[in-house]
Amino acid sequence: MTANKSLLSYESKFQKFDSLMKFRVKHILLVSSSYDSYVLEEDGQLTDLIYNEYFEFNLTVTPHVIRASTPEEAYEILEEQKIDLIIIFKRVADIDVTSFGYKVKSEFPKLPIIMLAYHERELRKMMTDDYLTVIDETFVWTGDVKILLSIIKLVEDRINIDSDTKLVGVRVIIIVEDSAKFYSSYLPLLYNEIMSQTRALMVEGLNISHKILRNRARPKILLAQNYEDGLALFKKYRKYMLAVISDFRFKINGEFDEIAGIKLVQQIRKEYPELPVLMQSSGEKNREVATQHGFGFISKRSLKLHGELREFIKANFGFGDFIFVDPDTCKPIARVSDFRSMEKTIKSIAEDSLLYHAHRNHFSNWLMARTEFDLADMLRPKKATEFETIETLRSYLIRTFRNFRHENQRGEITDFSRRQFDLQSEFVRIGGGSLGGKGRGLAYVNALLNQYKLHDFFDNVKVSVPTSVILGTDVFDEFMDKNNLMEFALSPHTDEETVAEFLRAKLPTEIVADLDALLEVIDYPLAVRSSSMLEDSHLPTFAGVYETHMLPNSNPSKRVRRQQLGQAIKTIYASTYMNNAKSYHDAANNRLEEEKMAVIIQKAVGTKFNDRFYPSFSGVALSYNYYSLENIEPEDGVVYVALGFGKTIVEGMNCLRLSPSYPNNLPQFSTVDDMLTNAQKEFFVLNVDPETSGVQIDSDGLTKLDTKDAEGDGTLYPICSTYSIENNRVYEGSSRDGVRIITFAPILKSKIFPLTDIVKFLMQLGSQGLNCPVEIEFAVKLNPDKSVPDEFYFLQIRPMIKEAQIEAVDLDLIAPECIIGRSNKTLGNFVRNNICDIIIVDPKTFDRSKTVTIATEVGKFNDMLYEDEIPFLLIGPGRWGTTERWLGIPTVWNQICGASVIMESAYGDFAPDPSFGTHFFQNLTSFQTGYFTVNEKAKNGFIDFDFIMSQQMIDRSEFVCHIKLEKPLEIHIDGRIGCGVIAVSD
């Protein structure tokens, strides 16, 4: 009778579980650009993530995402169908979020509206009382699509909390945090941990439907952003509390209080003394305060925040493990918390216990609770009686769990197939997780080209994305975890030490097998490129921060080729933690621990000429031109093209610069002397000689040659002109004898290839898709056989950082006699009046042969000022950040990251063109660094060196001076006209 009564109570309880979570988000209105919609739905496999979660809840209909790109479209959708949740991406053009929210709430007052911004600074002027009245929550896009699932869960939790707590006593976690950026990265982690750790206790008689229902009773998460809201939530749900996670500093009665969190949890502990409490703060000094009160503590700046949170959850939230029991006594004999320990335990567990759980499908049930449906479905049909012996059963389970651990790291869906991959494959994926920034862009473009059938849109030209295989970020995670690299990577080391440690590590066995299968098929050179989660995002871009390697893939030994590919992948992984990247993350106020790296293994574009390989030409197109010429609008864009690989362009070497709307307006080629001076002199190729392609890879793999070396390959005639010494004239083409000059005249004038038409079309397509200006990288392969189409390859697309000009800057307000510098070639839009310090390359001691030494000296001054958070003006000759030491100062980002304003100036006759390397500009605009280029001979501005060098000298090295003014400079840049001034204070 007792047993029957317990069973009845058990069944009754689960009938209540069946009534949990009555409100579900079924229809989401996403107000965004088409690119943002694509990133959310495709790159992160949002549909699959939602489907798997809802399948776990035994539902047949998953949420449907409907996109609108304008408020008008959104209103029409709201009138026509029921919407459960609205998510607005802040980058949507011409939308006043508050006005939109008021109109929606007037008709649908209970409809949740969530805003997803790209950066916290976008929110500063928006957080008005009116905004807070109509926008339910605000998040910051972190690059991880799981934030969408967190938003859905948070909305459902808030709406379901009252009924679910009363029905079965669902537990509640309250988070008190007012930083949108922090909780936007924190909530996905917390939800992920809860979902991955939540398991039902495996008691006798439990079946899968019960397990699914119990999962509905997972803890609910509620977010508060001030003292009053946090305390109100606690009082309301006191009986159901599981834990409180609180910041130290937030508002009480509308005013910030440095110990508001302590005051809140002390009040809570009075009513609930044993409640687990986790305090969090950016200040390490608060650890002692939390410890004295008996609270847990995690520093927000901790390099191990994620791991520390995970340990707190495991220790305090009481999630169940798989419990192996003795069948006779039903007492626990082993506890399992993950796949690795499951595999290990199965090897040694007693035979009778193994049979006991196998007979009852406990292994399958445990997997279903963890949403591992594929493996659960594989195990459930198997009966213990099918195996001849217990050891056969044990071996089967060990092998199954071992194999699935690898598959699980690669995500729910794996497109790459060792059997089916062939040279016709366009875009495949190895491993789960994100594709990263570059990967997202490639996937988006590939989808557009296929959706709109654009491959053959232009006559006799095939437009496509090169065959690309992407290692998802889950592969990176597994690599880091299995080699225990995270602690090392986050610690200070030289770049050489970091690379060496990563090269010693081993790639996952399954990935190595996939790479082996890949190399069985592909026989062409490869571009192995970084694609981090944050790379090519809106803010910041991380352009050029990480590694790229070109591999010849020509060695006769597949083992050698795989070793080279593995080295390239591991070196790219290592670049995530090199000092330049760490400085960039620090400047961007990002947590390096949250960065993840995908890797693109891409077919290199080009043709083989004996032992070298390169494209006919490469290019970078920007739909917004920072340096537009007279009568050419910035919106007309700019294109840079060069013979060979695009390294010539992105590193700021000589190449052709043109507006696609005015292709024959080439001021850099105004005279014959200009052509001879400014035309491309060198180009990059890949050495594919099998005899020289050893195991060890060198740098990025490219070799620099003189452009005259290309004439024998036949690649100059479509892009060159010829200089005749006899009459000092330049003729289009290569039919005459003379000096070859790369002018692209046969393409621009004779239209032998529709370059400008293709670029203009794709820039427009990309800008519309991303709803912002874009930067496109491409490569072209011209086929001598005109019966075969030429090939235009889309290599990359990224959003350009062109922020709205919020405030007008009036340069006329500056008294002329106070101006010590002026330029009509600037970047930025601001007024800076907090800079007293100047780091300047001394014009009197400057030696163009010592630019590498100068870069090191600049870096030392930068480190000192950056450490003390002192902004400074950086002045130097030629191009900052160039890899060509004879064109300027070859600094890397962490040598100039503290500069608030940078000036490139002519030093006597040392006056190269300004930096136009796209990585340089993306980084400047990402961090809102002001930029001046000054060349008095070119009449684009001036700088008063005499005045600057007469000021107080704080310190100096051989070539670099640190100068400090008594009063801050007045630095004004008007982004509307690209002009700026530097003035001393009155």
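**Strands, helices and their labels**

User: How many bridges join strand E23 (residues 617-622) to E31, and what makes the two strands a pair?

Analyst: Six bridges join strand E23 to strand E31, and the two run antiparallel; this is a predicted model. One of the links can be found at Ala-621, whose bridge partner in E31 is Ile-776.

User: Which residue of E32 is the bridge partner of Ile-776, and how many bridges join E31 to E32?

Analyst: Ile-776 has Ile-797 as its bridge partner in E32. Strand E31 is joined to strand E32 (residues 790-799) by eight bridges, and these strands also run antiparallel.

User: Why is strand E31 (residues 774-781) said to be largely enclosed by the rest of the structure?

Analyst: A residue counts as buried when its relative accessible area is under 20%. Seven of the eight residues of E31 are buried, and for that reason the strand is described as largely enclosed by the rest of the structure.

User: Which residues of H22 and H24 meet, and what is their make-up by class?

Analyst: From H22 come Thr-498, Val-499, Phe-502 and Leu-503, which meet Gln-567, Lys-570, Thr-571, Tyr-573 and Ala-574 of H24. By class, this contact has five nonpolar residues, three polar ones and one charged one.

User: What makes E7 and E12 the edge strands of their sheet?

Analyst: Five strands form an open sheet with parallel pairing, in the order E7-E6-E8-E11-E12. Strand E7 (220-224) and strand E12 (296-299) are its edge strands, as each pairs on one side only. From one strand to the next, the twist averages 20°. The partner of E12 is E11 (residues 277-281), paired with it in the parallel sense over four bridges, and Ser-281 stands opposite Ser-299 in E12.

User: Where does helix H10 lie?

Analyst: Helix H10 (residues 227-236) lies across strand E6 (172-176), E7 and strand E8 (241-247), and runs at about 150° to E7.

Note on methods. Residues numbered from 1 in each chain as written. Predicted model: local features only at pLDDT ≥ 70, side-chain atom pairs only at ≥ 80, totals over all residues. Heavy atoms only, no water. Contact = heavy atoms within 4.5 Å. Nonpolar A, V, L, I, M, F, W, Y, C, P; charged D, E, K, R; others polar. Pairing = 2+ DSSP bridges. Axes fitted to C-alpha atoms, helices over the stretch in contact; angles between N-to-C directions. Buried < 20%, exposed > 50% of the residue type's maximum accessible area, 1.4 Å probe, protein only.
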